[in-house]
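Reader: I have not seen this structure before. Please take me through it by question and answer.

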Amino acid sequence: MQRVASSRPQLIVLEATGGYELLAVAALAAAALPVVVVNPRQVRDFAKATGQLAKTDRIDADILVRFADVVRPEVRLIPDAAAHERDALLTRRRQLLEMLQAERNRVGQVFGTGKKQVRKSLKAHITFLERELRSTDPDLGEMVRQSPVWRERDELLRSVPGVGPVLSRTLLADLPELGRLSRRAIAKLVCVAPLSRDSGTMRGRRFVQGGRATVRGVLYMAALVATRRNMIIREFYLRLVAAGKPKKLALVACMRKLLTILNTMMRTNTTWSAKDATAILAVA
């Protein structure tokens, strides 16, 4: 680490490797070095764009250097140990929900001889998963309550109608940039800003892709609830639908507006106000 620090690097770029990079990132961050972790897919696409189809450790290292020089990815805040623990709990909660839904689907798909024993096994596993899920939520809540900073931010976010504990804790864990970026930058980071697919006079359908998928998935459900319980978001949604926008497209627009409101609230450290939210949407 001393040798790395002595060279005074302007930017250190690592690929995300499913967690194997965490020790190196933590050590580099502790040494106050400018480190950033990038999506491997972006680096691979960059390599293909430069005509490099082969893949070895030496080639990958060279591509990362060229990627850093050309793209210049922004150095972001490195989560502390407590944030990593909270992120791990949120990840486990998502895994439990996915397994629970899969097992519930399988219950209705069991046919033929021996289905009684299979159903019994599935139901036992569903009961176990439900018990594990019930124990995960209090652990997350306790982690938030133990930190004055997290508790304050959690209360601020949850003051918004439609924002519950799952979205609040997901934003705190998976989107630490909330409140630090502009509305356009935060929308691009989560990828709720529709991407164009135009060519010449052809105008393709807009779509969202990439970004923080875990945040976007939870934000989708929150926006869905907000179209019913948050009058500001509901009025915006109904106005888009009345103008002929497809409902799914209108819902994505609501996700972006909700994220914009939350981003402004975090930046100004103010709780929910319908008047303030209306003003935010007027300029967003």
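Reader: Among contacts in the protein chain between residues at least 6 apart in sequence, what percentage join residues at least 24 apart?

Author: This is a predicted model. The secondary structure of its protein chain comes to 13 helices and 4 strands. Counting contacts between residues at least 6 apart in sequence, the share that joins residues at least 24 apart is 58%.

Reader: How much of the accessible surface of the protein chain belongs to carbon and sulfur atoms?

Author: The protein chain has 284 residues, and 36% of them count as buried. Its accessible surface comes to about 17,300 Å², and the part belonging to carbon and sulfur atoms is 54%.

Reader: At what angle do the axes of α12 and α13 cross?

Author: Helix α12 covers residues 247-268 and helix α13 covers residues 274-283. α12 passes α13 in a right-handed crossing. The two axes come within 10 Å, and they cross at roughly 115 degrees.

Reader: Which residues of α13 make the contact with α12?

Author: By class, the contact has 4 nonpolar, 2 polar and 1 charged residues. From α12 come Lys 257, Thr 260, Ile 261 and Thr 264. From α13 come Ala 277, Ile 280 and Leu 281.

Reader: Which helices do the buried residues of α13 pack against?

Author: The buried residues of α13 are Ala 277, Ile 280 and Leu 281. They lie on the same side of α13 because they cover an arc of only 95 degrees around the axis. On the other side of α13, Lys 275, Ala 282 and Val 283 are exposed. The buried residues pack against α11 (231-242) and α12.

Reader: Which exposed residues does α9 carry on the face turned away from its buried side?

Author: In helix α9 (residues 183-190), the buried residues are Ile 186, Ala 187, Leu 189 and Val 190. Their arc around the axis is only 160 degrees, so they sit on the same side of α9. What covers them includes α10 (213-229) and α12. The face turned away from that side carries the exposed residues Arg 184 and Lys 188.

Reader: What is phi of Cys 191, and is the residue buried or exposed?

Author: Most residues other than glycine have a negative phi. Cys 191 follows α9 and is placed in the loop between α9 and β3 (198-199). Its phi is positive, near 70 degrees. Buried means under 20% relative accessible area, and at 6% Cys 191 counts as buried.

Reader: What is the relative accessible area of Arg 72?

Author: Arg 72 is found in the loop between α4 (57-71) and α5 (81-107). Arg 72 has a positive phi of about 50 degrees although it is not a glycine. Arg 72 is partly exposed, and its relative accessible area is 44%.

Reader: Leaving aside its neighbours within four places in sequence, which residues is Thr 170 in contact with?

Author: Thr 170 has its place in helix α8 (residues 165-174). Its relative accessibility is 2%, so Thr 170 counts as buried. With neighbours within four places in sequence left aside, Thr 170 is in contact with Leu 90, Leu 175, Thr 214, Val 215 and Val 218.

Conventions:
Residues are numbered from 1 along each chain as its sequence is written. This is a predicted model: local features need pLDDT of at least 70, side-chain atom pairs count only at pLDDT 80 or more; totals for chains, interfaces and linings use all residues. Side-chain values use heavy atoms; hydrogens and water are left out. Axes are lines fitted to C-alpha atoms, for helices over the stretch in contact, and angles run from 0 to 180 degrees between N-to-C directions. Helices (H or I, at least four residues) and strands (E, at least two) are DSSP runs, numbered from the N terminus. A crossing is left-handed if the near helix is turned anticlockwise from the far one by less than a right angle, and right-handed if clockwise. Contact means heavy atoms within 4.5 Å. Ala, Val, Leu, Ile, Met, Phe, Trp, Tyr, Cys and Pro count as nonpolar, Asp, Glu, Lys and Arg as charged, and the others, Gly among them, as polar. Buried means under 20% relative accessible area, exposed over 50%, partly exposed in between (1.4 Å probe, protein chains only). The arc is that of the directions from the helix axis to the C-beta atoms. Accessible areas come from the Shrake-Rupley method with a 1.4 Å probe; for residues, only the protein chains shown count as cover.
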